[in-house]
Amino acid sequence: MNAVAIKKDIYWVGVVDWNIRTFHGHTYTTNRGSTYNAYLIIDDKVTLVDTVLGSFSAELIDRIKSVIPLEKIDYIIANHVETDHSGALPALMKLCPKAKIFGTAKCKEGLWKHYYGDWDFQIVKTGDTLKLGKRTLSFIEAPMIHWPDSMFTYCPEEKLLMPNDAFGQHYATSQRFDDEVDQCALMQEAVKYYANILWPLSSVIAKKIDDILKMNIPISMIAPSHGIIWRNDPMKIVNSYITWAKNTTKTKAVIVYETMWRSTETMARQLAEGLAAGGISDVKIFDIAESDVTAVITELIDAKAVLVGSSTQDNDMLPNIARFMEFLKGLKPKGRVGMAFGSFGWAGGAVKEIEGVLKETGVDVAAPGVSLQYVPDAAGRLACFEAGKNFAEKIK
Ligand code: FEO
């Protein structure tokens, strides 16, 4: 296992997890795998920034050993407690027990409650610096990006920002840098990561980016703890985050539904036709029972409208769309318009339930729901078409 030099005497010593297909307890699909990035800085004080998932401890240790013996490590920077970045600490600390760990107060608390390790830990806060020799590290607390303990580490001499989860992607590649990979795939993974993990934290992210830009610190490289390192155009991802964090939307509609006997599906397709006739050219349709929820959420990040449909079962929506709605609620989308639709047999109820959850989510229910009994006839199909066409006006 070899380390990869990212700057002179600074090495990537992380791990590529080619086979991981779900993350965060199966809530996030990682079709392209992931990486856990850790960085080794060789200076008077040898410093490791972050570790990797515990099951990959041996690979991290091997990569470090390809540069320097483990016992030479003086400092370990723990930017974040979550186990994909701290999991190798117990194995590592057995091999370099004299290393001192630096992190936020919440990090100290969190690491203790994960590993109960009797480790030398120094709490740092925003503005604190650590002299390594020729280089300095400067710490920026970043609570809730992604956990309360999170922080960014910056090296001014190298113009290098190591922001842990921020600006990352779940993207396994043999290349390490932004200029080496397919740009389309890179940005697909970056937006998917933002939409599914960071979206509800948008206001915190916008404020943190604003604070950092006001600090006027030069940045030539952003080395996150997942995926590709941004060296060619680090501002590309920063500017994308600014856009996403503002909840910026396009004239785009996403129709998500679950159907029992395809009547609700017929309604979804007619609504889409109506939206197109009303001038909305970007319309996406997903049967949630057949779709990857992570991909649907990604489509929603820049969609002005979300139309949610379900057949009625037991006076409520079907279970897969209910699960999706719960997920959407947690993401706290802002500035969206929505409407509900669905077929029923006798009592109905799904449309009302969907409207209730849309309102709880903060989506403006901007048009009356469309509810049809049994199988849509020509008049029913036309009603859906017209509803879609009228709703287009709410999106423009
Ligand atoms: Fe990649 Fe919040 O851990």
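**Salt bridges and burial**

Me: Why does Arg-63 count as buried?
Reply: In this predicted model, Arg-63 has 10% relative accessibility. Buried means under 20%, so Arg-63 counts as buried.

Me: What makes Glu-59 and Arg-63 a salt bridge?
Reply: Their closest N and O atoms are 2.9 Å apart. The cut-off is within 4 Å, so the pair forms a salt bridge.

Me: How do you know that Glu-59 and Arg-63 are separated by about one helical turn?
Reply: Both belong to helix H1, residues 57-65, and they are four residues apart there, which means about one helical turn.

Me: Is Glu-59 buried or exposed?
Reply: The value for Glu-59 is 18% relative accessibility. That falls under the 20% limit, so Glu-59 counts as buried.

Me: What makes Lys-214 and Asp-210 a salt bridge?
Reply: The N to O distance is 3.0 Å, and the limit is within 4 Å, so the pair qualifies. The two residues are four residues apart in helix H6 (residues 202-215).

Me: How do you know that Glu-265 and Arg-262 meet in a salt bridge?
Reply: Their N to O distance is 2.8 Å, and the cut-off is within 4 Å, so they do.

How values were computed:
Residues are numbered from 1 along each chain as its sequence is written. This is a predicted model: local features need pLDDT of at least 70, side-chain atom pairs count only at pLDDT 80 or more; totals for chains, interfaces and linings use all residues. Side-chain values use heavy atoms; hydrogens and water are left out. A salt bridge is a side-chain nitrogen of Lys or Arg within 4 Å of a carboxyl oxygen of Asp or Glu. Buried means under 20% relative accessible area, exposed over 50%, partly exposed in between (1.4 Å probe, protein chains only).
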